[in-house]
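Here is a colleague's note to read alongside the model. The points are numbered and can be taken in turn.

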Amino acid sequence: GKFGNQIMENGRTHFPFPYQPYSIQEQFMQALYGALDQGKVGIFESPTGTGKSLSLICGALSWLTDYEEKRRQEAAALLQEGEAALSTPTAQSSITSSSAEPDWITDFVQKKAERDLVSKLKEEELKRKKREERLEMIRNNIQLKYTMKRKSCEDDEALKLLKLSKEEQTEELGGEEDEELIIAEYDSDDDLAYSQIYYCSRTHSQLAQFVHEVQKSPFSKDISLVTLGSRQNLCINEEVRRLGSIQRINDRCMEMQKNKHEKPHPEEGVKRKRGPAKTACPYNKVSALQQMRDEVLGTVHDIEQLLKLGKETHSCPYYATRLAIPPAQLVVLPYQMVLHEATRKAAGVQLKGQVVIIDEAHNLSDTLSCIYSAELTGAQLCRAHSQLAQYADRYKSRLKAKNLMYIKQILFVIEGLVRVLGGKVGQNPQSQTNQTGTNMFTINNFLFKAQIDNINLFKVLQKYFEKSMISRKLGGFVEKYAGSGVSLHTQSKENRRTEGLSRYLQTLQSNGSVETEKVLSASPMMQVEGFFMALTTSNTDGRVLLHKEGTLSESSIKFLLLNPAVHFAQVLKECRAVIIAGGTMQPVSDFKQELLFSAGVAEERITEFSCGHVIPAENILPLVLCSGPSGQELDFTFQNRDSPHMMDETGRILSNICNVVPGGVVCFFPSYEYSRRIISHWEASGVLARLANKKKVFQEPKKANQLEQVLSEFSRCIQVKVELSGLNGALLFSVVGGKMSEGINFSDELGRCVVMVGMPYPNIKSPELQEKMSYLDKHLPHSGGRSPGQALIENLCMKAVNQSIGRAIRHRGDYSSIVLCDRRYSRPATLSKLPTWIRDRTSTCTTFGPAFSALRKFPSRWTWIDKFSHSQDGDRILEIMEEQSICNF
């Protein structure tokens with residue numbers, strides 16, 4: 001390629017980078033390059049502020065360009081060899097052919113094989129050239145004339161597409177075929193398998209940040225990148241966008257797709273049936289989509305720019321980006337589009353032999369479990385039963401006997417599920433009362449209890465749901481009894497079987513409100529289908545939680561996935577290499593056990609890389625506090641943490657810290673419940689007032705929409721230095737795993753000290769967690785004298801701690817102290833689960849005195865940095881100082 005390939009046998013020595021990379025970035029890129037080249041599963045840990053995204057981009061794209069070049073050279077060599085072989089007469093076979101075949105037949109067969117190979121290679125070379133020329137033209141902005149007259153395979157493709165979609169009539173009522181899949185597969189402009197890298201992350205803002213990093217990288221001009229999103233993110237049809245919920249948008253879009261291909265019925269000419277005229281979407285025209293696809297491939301766009309481009313070219317970004325998947329080199333997409341099989345298929349994502357990079361992967365097991373779990377309420381079950389029964393009744397004369405049988409089976413299963421919840425179908429679920437209680441079942445026991453163990457759910461799903469798309473057809477049927485909740489919407493094929501995402505999608509909305517929850521559950525049949533799907537999981541890998549509330553409506557059945565590895569295994573199997581990256585991947589042990597070994601990955605395929613932090617060792621002061629100022633031992637176990645002594649001592653510690661630490665102090669409590677209790681204790685005892693005399697006090701709000709305001713007040717208060725009021729900075733009370741502990745950075749003065757009160761163990765009483773623990777105890781090996789269940793609890797706790805404390809150091813000039821208040825943090829097993837760069841610098845203080853003096857000395861010699869840390873040239877100034885060794889970094 002054009003980046004001066006200084007490639008050694010085992011990788012590269014030089015990587016294109018926008019500036020001189022830190023040595024840890026070079027190590028990161030070399031390790032990444034090696035992992036991709038050898039097809040490994042890599043676990044990469046790189047703390048925020050160390051330029052992880054850039055290292056990922058430059059390392060991975062360097063590998064991709066080298067790999068393509070190597071393949072090109074190999075193909076060229078093969079072609080030369082083949083052509084040479086064809087031009088020489090076949091040498092007499094040295095092995096005297098014992099078969100009765102005459103030589104000329106052997107010759108002919110051999111020559112034919114060679115000729116076939118040569119023409120195949122030539123064809124591939126031609127396609128490759130064509131693709132490169134085309135990208136070159138796009139990049140040089142020669143406006144290709146997109147007229148339908150263009151004699152190219154694309155027009156034939158477009159026609160074939162239209163024809164296909166008309167033929168694909170399903171055996172059920174009307175042709176409700178899904179044009180989606182056709183359009184996703186239609187770009188067979190070249191069957192050349194290109195190497196691709198799929199990069200996925202958790203939220204849309206993280207994806208956008210990544211795309212901006214690509215734009216700043218040396219590869220921005222030479223890479224074809226496409227960002228994928230849901231219709232909700234990419235639709236530009238205002239009328240459809242206004243519908244707001246993902247469910248409604250999908251349905252309306254699919255409906256418009258259908259209208260586009262429908263022939264008018266003969267009798268419609270005579271008298272129009274009721275209802276508005278059917279509209280097709282003006283942004284969904286093949287030629288416009290192709291033009292937009294080419295522009296997307298020619299320049300790197302983020303979602304905002306895609307929307308802008310779509311409006312300019314009058315074409316749909318959602319479909320254009322899908323067309324751009326096969327030829328793109330880098331595909332940027334949200335987690336669930338890669339991890340959830342049905343969504344992956346619907347999006348046209350092909351992982352075979354490709355590279356997947358999963359970023360922000362510290363919660364990967366939870367994410368998988370969340371995406372694949374399914375829940376049904378009594379209200380949804382009754383609604384689904386009512387709709388399906390009416391449908392069967394209305395169309396029974398037109399339905400095939402086989403389909404009628406499947407419908408009866410589905411109705412039978414739904415009745416069984418309602419019966420298990422203690423209710424009856426056909427009556428209003430809100431007026432049916434219930435004994436409350438929670439029970440947990442294995443899948444088999446549950447099927448047995450519901451008396452549906454004789455139904456083959458696999459078959460029902462495959463033969464009926466798949467073909468009939470029944471989930472979408474029930475929109476017109478309203479429940480017989482009124483007042484049972486949500487209005488109804490039909491459901492699109494692409495979102496079928498993806499309801500496990502519904503809760504997950506909420507994390508992608510800026511704040512998961514009850515509203516979204518309601519609308520996402522609008523199509524009950526789709527939820528039912530998802531639940532059926534979940535029940536086909538193998539007996540050991542999942543559990544069913546039966547939760548009875550006062551009324552049938554509120555009661556629910558929930559499927560829990562205990563073994564996320566079953567779904568991750570497929571990704572691991574299909575891909576050439578999988579890279580799992582995050583700021584803190586500690587503790588890695590459980591990760592490997594739960595997701596990799598359980599999915600059948602061999603130890604030798606796994607490679608680990610953990611890099612230090614770019615900050616100098618003196619910029620961080622992590623302390624474990626075993627006792628407070630008055631000598632009270634700090635032990636925030638469930639039994640001790642409510643004692644007034646413990647709460648008072650915590651107040652004294654904070655009071656002392658606020659005396660000596662300038663700027664912002666962020667204090668994390670293990671739960672909302674405990675933060676409420678300790679703060680009200682402090683209010684009564686006057687501690688809170690004393691704290692408020694030193695720093696302005698803020699609390700993490702319960703409601704997500706008040707978060708912005710609290711944060712901006714907090715930071716304004718610190719920025720203004722509040723000298724007028726005699727206060728120095730501010731104190732923020734926060735909750736581990738709450739709204740502040742992820743995605744929000746307390747850089748510079750916002751977080752000069754992070755205090756962690758106690759250990760945030762998860763609620764061990766929750767039936768879900770208990771089930772998960774016993775599952776792990778049964779299926780995973782015990783190590784280090786602890787059961788895998790206990791290890792899970794400890795790991796969940798330390799993951800939460802690492803997420804929270806990692807918020808304070810955000811770039812190389814930043815500094816902060818970290819105070820872990822609980823003697824249990826000093827246990828070696830616990831310390832070993834902190835990120836390396838924090839662990840190596842942590843000191844344990846058995847008494848408060850030494851800790852306090854360390855804190856008092858810590859920031860003072862750094863205060864001069866503050867003058868620069870806000871200026872644009874902060875980093876540069878630091879570098880100059882390093883060079884002149886003004887300070888001994």
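**Notes on the predicted model**

1. Start at strand 19, where isoleucine 818 is the residue opposite valine 754. The model is predicted, so keep that in mind throughout. Strand 19 covers residues 816–821 and runs parallel to strand 18, with five bridges joining the two. On another pairing, strand 18 meets strand 15 (residues 664–669), also in the parallel sense, over four bridges. Here valine 754 of strand 18 is the bridge partner of valine 666. Valine 754 therefore has a named partner in each pairing: valine 666 and isoleucine 818, and it belongs to a strand with five of its five residues buried.

2. How many residues of strand 18 are buried? Five of the five, across residues 753–757, so the strand is largely enclosed by the rest of the structure.

3. Strand 7 (residues 355–358) pairs with strand 12 (residues 577–582) through four bridges, in the parallel sense. Valine 355 has alanine 577 of strand 12 as its bridge partner.

4. Which residues of helix 25 are buried? They are Val588, Asp590, Phe591, Lys592, Glu594, Leu595 and Leu596. That is seven of the ten residues in helix 25 (residues 588–597), so the helix is largely enclosed by the rest of the structure. Note that Asp590, Lys592 and Glu594 are among the buried ones.

5. Now a helix pair. Helix 26 (residues 644–660) packs on helix 27 (residues 672–685) at about 80 degrees, with the axes 10 Å apart. That makes the two helices roughly perpendicular. Helix 26 brings Pro644, Met647, Asp648, Thr650, Gly651 and Leu654 to the contact. Helix 27 brings Tyr674, Arg677, Ile678, His681, Trp682 and Ser685. By class, the contact has six nonpolar, four polar and two charged residues.

6. Is cysteine 281 buried or exposed? Cysteine 281 is buried, at a relative accessible area of 17%, because buried means under 20%. Cysteine 281 sits in the loop between helix 9 (246–261) and helix 10 (286–298). Its C-alpha lies 7.7 Å from that of cysteine 253, and the two are 28 residues apart in sequence. Beyond its neighbours within four places in sequence, cysteine 281 is in contact with Asn237 and Met256.

7. Two backbone points to check. Most residues other than glycine have a negative phi. Histidine 314 has a positive phi of about 60 degrees, though it is not a glycine. Histidine 314 lies in the loop between helix 11 (303–313) and helix 12 (317–323), and is partly exposed at 43% relative accessibility.

8. Glutamine 451 is also not a glycine, and has a positive phi of about 60 degrees. Its loop runs between helix 18 (443–449) and helix 19 (457–468). At 48% relative accessibility, glutamine 451 is partly exposed.

Methods
Residues are numbered from 1 along each chain as its sequence is written. This is a predicted model: local features need pLDDT of at least 70, side-chain atom pairs count only at pLDDT 80 or more; totals for chains, interfaces and linings use all residues. Side-chain values use heavy atoms; hydrogens and water are left out. Buried means under 20% relative accessible area, exposed over 50%, partly exposed in between (1.4 Å probe, protein chains only). Two strands pair if DSSP finds at least two bridges between them. Contact means heavy atoms within 4.5 Å. Axes are lines fitted to C-alpha atoms, for helices over the stretch in contact, and angles run from 0 to 180 degrees between N-to-C directions. Angles under 35 degrees count as roughly parallel, over 145 as roughly antiparallel, 65 to 115 as roughly perpendicular and the rest as oblique. Ala, Val, Leu, Ile, Met, Phe, Trp, Tyr, Cys and Pro count as nonpolar, Asp, Glu, Lys and Arg as charged, and the others, Gly among them, as polar.
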